[in-house]
Amino acid sequence: YQVARFAGPNLVAGNTVLLKHASQCPESSAWIEAAFHEAGAPAGAYINLYATSQQIAGLIADPALRGVSLTGSERAGAAVAEVAGRNLKKCVLELGGSDPFILLSTDDLDGAVEAAVSARADNVGQACNAGKRMIVIAGLYDAFLEKFTAKMMERDASSPLSSASAAKELAGQVERAVKGGATLVQAGEPSGAFFPPAVLTGMTADNEAYYEELFGPVAQVFCAADEADAIRIANDTPFGLGSYLFSTDPEQVQRVASALDTGMVYVNGVGMDAPELPFGGTKRSGFGRELGTLGIEEFLNKKRIRKIFGDIHEVVQMPNLIEVQRESYDQFLQMVEPKGGRANEGLQAVFKSVFPITDFSGQAMLEFVRYEFEQPKFDVDECQQRGMTFAAPLKVTLRLIVFEVDPETQAKSVRDIKEQAVD
């Protein structure tokens with residue numbers, strides 16, 4: 001999945017991919033390259049690399065390489081960004097996370113607990129966007145903690161972490177958390193690369209492990225006094241990748257989701273990632289996006305070409321004509337709506353009728369430029385006081401954009417827009 005998340009959008013965009021995997025998976029990395037070839041990828045489109053960090057730094061500096069994307073730790077991300085920045089290379093970083101799982105209200109506490117356990121313990125807790133910090137409103141905290149802890153202790157602990165060193169690092173973090181005053185409930189003892197599920201409570205900001213990412217099946221559970229306190233706890237982290245928000249109140253969902261300093265918010269569900277949705281975060285979780293149209297566009301040159309043929313201006317390489325037109329109309333509404341008045345209502349009605357009909361099957365469109373009213377030759381305030389209606393001369397400026405097509409279609413677009421012009 002990690003490979004597909006980066007390689008897929010770039011191959012779709014027409015970029016070739018050089019991919020260095022983590023050092024502990026040389027065989028699976030070779031298999032993935034073979035799978036690309038078997039699927040019919042052109043020779044050289046996807047190349048697996050076995051290289052040291054020093055060799056990778058030299059590769060990033062090579063002029064033939066135009067950009068770099070990394071999924072990994074903060075330390076690795078900082079090192080890659082430093083080399084990329086020194087060589088003026090575009091980079092995307094998807095780094096660590098300490099994602100909050102926020103429970104404010106629910107009609108199904110058992111279902112919310114199951115979702116929280118899945119968010120924390122799937123893939124043995126080794127996911128950058130796993131729900132690592134459970135933040136529960138005070139009225140639900142005790143019942144949630146009891147059910148959640150019981151479910152975590154029942155989790156299958158037969159799968160190892162990625163390495164024995166990863167388990168050792170996690171054990172050290174948990175030990176520091178307990179020494180700092182946290183309470184630990186754990187389903188057994190760590191052994192080699194195996195780390196049993198665990199729950200930490202009583203974590204405070206002065207605890208050494210409070211601001212760290214715990215990469216494994218260890219959950220922290222916090223009690224929030226109210227909505228504002230839940231937001232405060234959620235944002236009190238150096239990371240800002242994803243977040244999970246459970247609430248039965250749509251208005252509360254909107255408020256809290258807007259206040260969370262993260263790149264992603266999943267509402268009333270977990271495991272909601274999808275190839276068409278952008279993936280990425282804020283703060284020390286990195287920058288840039290993978291997947292979706294945003295992921296595809298990260299490593300594209302969005303070239304603008306403007307040509308003049310006679311008195312017709314053409315704009316080429318507009319990725320989504322309907323969206324551009326809609327943005328133009330929304331911009332217009334933002335200008336006139338706050339002003340109010342019946343004249344503006346009529347003006348909006350005109351534009352609502354004009355904009356939808358001027359797409360011309362992707363060949364041309366109208367773009368709003370500006371509007372202005374001429375000063376009426378009478379006392380407007382006096383007219384309003386007497387309950388009189390009035391009309392003021394209106395001048396609207398639109399820009400006709402004709403896209404690069406064959407001359408016959410271009411001429412037809414111009415004829416059509418003249419026939420549909422509105423004074």
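This is a predicted model: local features need pLDDT of at least 70, side-chain atom pairs count only at pLDDT 80 or more; totals for chains, interfaces and linings use all residues.

**Reading the fold**

Student: Which residue just after α1 takes a positive phi?
Tutor: Gly14 does, with a phi of about 95°. Residues are numbered from 1 along each chain as its sequence is written, and side-chain values use heavy atoms, leaving out hydrogens and water.

Student: Which residues of helix α1 are buried?
Tutor: Buried means under 20% relative accessible area, with exposed over 50% and partly exposed in between (1.4 Å probe, protein chains only). In α1 (residues 2–12), Val3, Arg5, Phe6, Ala7, Pro9 and Asn10 are the buried ones.

Student: And what covers the buried residues of α1?
Tutor: The cover includes strands β1 (17–20), β2 (46–49), β3 and β4, along with helices α2 (26–38) and α10 (292–297).

Student: Where does His21 lie?
Tutor: Look in the loop between β1 and α2. His21 has 11% relative accessibility, so it counts as buried. Contact means heavy atoms within 4.5 Å. Leaving aside neighbours within four places in sequence, His21 is in contact with Val3, Ser29, Ile32, Tyr46, Asn48 and Leu49. Its C-alpha is 9.8 Å from that of Gln2, a residue 19 places away along the chain.

Student: In what order do the 3 strands of the open sheet come?
Tutor: Two strands pair if DSSP finds at least two bridges between them. Here the order is β3-β4-β14, with mixed pairing. β3 (67–71) and β14 (286–287) are the edge strands, each pairing on one side only. Strand β4 (residues 90–94) runs antiparallel to β14, and 2 bridges join them. If you want to see one, Leu93 has Phe287 as its bridge partner in β14.

Student: How many residues of strand β5 are buried?
Tutor: 5 of its 5, so to speak a mostly covered strand (residues 99–103). Both faces are covered: Asp99, Phe101 and Leu103 sit on one side, Pro100 and Ile102 on the other. β5 runs parallel to strand β6 (residues 131–137), and 5 bridges join the two.

Student: At roughly what angle do the axes of α5 and α6 cross?
Tutor: Axes are lines fitted to C-alpha atoms, for helices over the stretch in contact, and angles run from 0 to 180 degrees between N-to-C directions. Helix α5 (residues 109–121) and helix α6 (residues 138–153) cross at roughly 50°, their axes coming within 9 Å. The two are therefore oblique to each other; under 35 degrees counts as roughly parallel, over 145 as roughly antiparallel, 65 to 115 as roughly perpendicular and the rest as oblique. From α5, the contact is made by Leu109, Asp110, Val113, Glu114, Ala116, Val117, Arg120 and Ala121, and from α6 by Ala143, Phe144, Lys147, Phe148, Lys151 and Met152.

Student: In which strand is Gln220 found?
Tutor: In β9 (residues 218–224). Gln220 counts as buried because its relative accessibility is 1%. Leaving aside neighbours within four places in sequence, Gln220 is in contact with Lys132, Arg133, Met134, Leu200, Met203, Tyr210, Glu212 and Leu214. From Gln220 to Tyr210, 10 residues apart in sequence, the C-alpha to C-alpha distance is 9.2 Å.

Definitions and conventions: Helices (H or I, at least four residues) and strands (E, at least two) are DSSP runs, numbered from the N terminus.
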